[in-house]
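User: Please take a close look at the start of this chain. Then set that part in the context of the rest.

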Amino acid sequence: MSEIAWGLGYSSVAYLSNQFKQIVGITPSKYKRQIIKNRMPLDNVNNIVTIL
């Protein structure tokens, strides 16, 4: 998460995690543990963050 936060320009991992939970509805760790076929690919997450 720290590498993703840094790459997206977030000031902290906590801030990215909070925004992720607001948008997706669950924490990044719970999202990672899910085995769902329609899970959003990581390539598309950047598109959502850019819109915000």
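Analyst: Met-1 is partly exposed, at 40% relative accessible area (buried is under 20%, exposed over 50%, partly exposed in between; 1.4 Å probe, protein chains only). This is a predicted model: local features need pLDDT of at least 70, side-chain atom pairs 80 or more, while totals for chains, interfaces and linings use all residues. Numbering runs from 1 along each chain as its sequence is written, and side-chain values use heavy atoms, without hydrogens or water.

Met-1 sits in the segment before α1 (2-8) (helices are DSSP runs of H or I, at least four residues; strands are E, at least two). Together with Ile-4, Leu-8 and Val-13, Met-1 forms a nonpolar surface patch of about 280 Å² accessible area (members have over 30% relative accessible area and no salt bridge; nonpolar side chains join within 5 Å; a salt bridge puts a Lys or Arg side-chain nitrogen within 4 Å of an Asp or Glu carboxyl oxygen).

Now the wider chain. Its elements run α-α-α-α from the N terminus. Of 52 residues, 19% count as buried. Mean pLDDT (confidence, 0 to 100) is 81. Helix α2 (residues 13-24) scores highest, at 92, and helix α4 (residues 42-51) lowest, at 62.

The whole structure holds 2 aromatic pairs (ring centres within 6.5 Å; stacked under 30 degrees, edge-to-face over 60, the rest tilted). Tyr-10 and Tyr-15 are tilted, 5.5 Å centre to centre and 50 degrees between planes. Tyr-10 is buried, at 14%; Tyr-15 is partly exposed, at 43%. Phe-20 and Tyr-31 pair edge-to-face, at 5.3 Å and 75 degrees. That pair links helix α2 to helix α3 (residues 28-33), 11 residues apart. Phe-20 is buried, at 15%, and Tyr-31 is buried, at 13%.

Key: Patches are made of residues with over 30% relative accessible area and no salt bridge: like charges are joined within 9 Å, nonpolar side chains (Val, Leu, Ile, Met, Phe, Trp, Tyr) within 5 Å. Accessible areas come from the Shrake-Rupley method with a 1.4 Å probe; for residues, only the protein chains shown count as cover. pLDDT is the predictor's confidence in each residue, from 0 to 100. Rings of Phe, Tyr and Trp (its six-membered ring) pair if their centres lie within 6.5 Å; planes under 30 degrees apart count as stacked, over 60 as edge-to-face and the rest as tilted.
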